Amino acid sequence: MFSRKTRYAIMALTILAREYGQAAVPMSRISDEQNVPIRFLEGIFLQLRNEGMLVSERGVSGGYRLARPPREIKVLDVILAMGEKVGMISCLDICGNSFECEFGLNMEKCRIRDMFGDIQQIIYDNLSARTLEDFV
């Protein structure tokens with residue numbers, strides 16, 4: 001399961017995707033629409049801005065915009081930007097990177113790794129294929 005922070009990030013970005021090409025969206029409006037505490041949203045937006053997904057505009061009509069078109073921002077990129085280490089089992093992460101077995105098993109002797117790796121590949125492929133445009 002994704003963290004609340006990651007779900008909030010995706011929820012907030014859906015608003016920015018819907019309004020892509022229009023005026024900047026104030027953080028307070030996103031906070032109200034998604035019922036996300038503004039202080040929490042500030043930290044999320046800082047991370048997303050540092051990852052190049054958002055741009056901010058100051059001033060009375062300021063707010064946030066997507067830095068790229070919604071079709072160019074993959075859901076997987078948002079998840080990874082939020083620092084998620086998603087995986088079916090601890091010896092594989094969402095990107096298919098391998099780690100040592102927490103039970104000390106040799107990878108060739110593990111009976112569950114291949115099946116969970118296959119399931120994880122399906123999840124990875126889906127998250128890589130889906131973009132913010134899919135939420136509009």
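User: Which hand does the crossing have where α2 passes α3?

Analyst: In this predicted model, α2 passes α3 in a right-handed crossing.

User: How do you know whether α1 is roughly parallel or roughly perpendicular to α3?

Analyst: Happy to walk through it! α1 and α3 pack at about 75°, with 10 Å between their axes. Angles of 65 to 115 degrees count as roughly perpendicular, so α1 is roughly perpendicular to α3. On the α1 side the contact includes Y8, A12 and L16, and on the α3 side F40, I44 and L48 are among the residues involved. This contact of α1 with α3 divides into 10 nonpolar residues, one polar and two charged.

User: Why do the buried residues of α2 count as being on the same side?

Analyst: The buried residues of α2 (27-34) are M27, I30 and S31. They cover an arc of only 100° around the axis, so they sit on the same side of α2. In general, an α-helix has 3.6 residues a turn, so residues three or four places apart point the same way.

User: What do those buried residues of α2 pack against?

Analyst: Their partners are α1 (4-18), α3 (38-50) and β2 (63-66). Just after α2, N35 takes a positive phi of about 55°.

Methods
Residues numbered from 1 in each chain as written. Predicted model: local features only at pLDDT ≥ 70, side-chain atom pairs only at ≥ 80, totals over all residues. Heavy atoms only, no water. Buried < 20%, exposed > 50% of the residue type's maximum accessible area, 1.4 Å probe, protein only. Helix = DSSP H or I, 4+ residues; strand = E, 2+ residues; numbered from the N terminus. Arc of directions from axis to C-beta. Contact = heavy atoms within 4.5 Å. Axes fitted to C-alpha atoms, helices over the stretch in contact; angles between N-to-C directions. Parallel < 35°, antiparallel > 145°, perpendicular 65-115°, else oblique. Nonpolar A, V, L, I, M, F, W, Y, C, P; charged D, E, K, R; others polar. Left-handed = near helix turned anticlockwise from the far one by under 90°.
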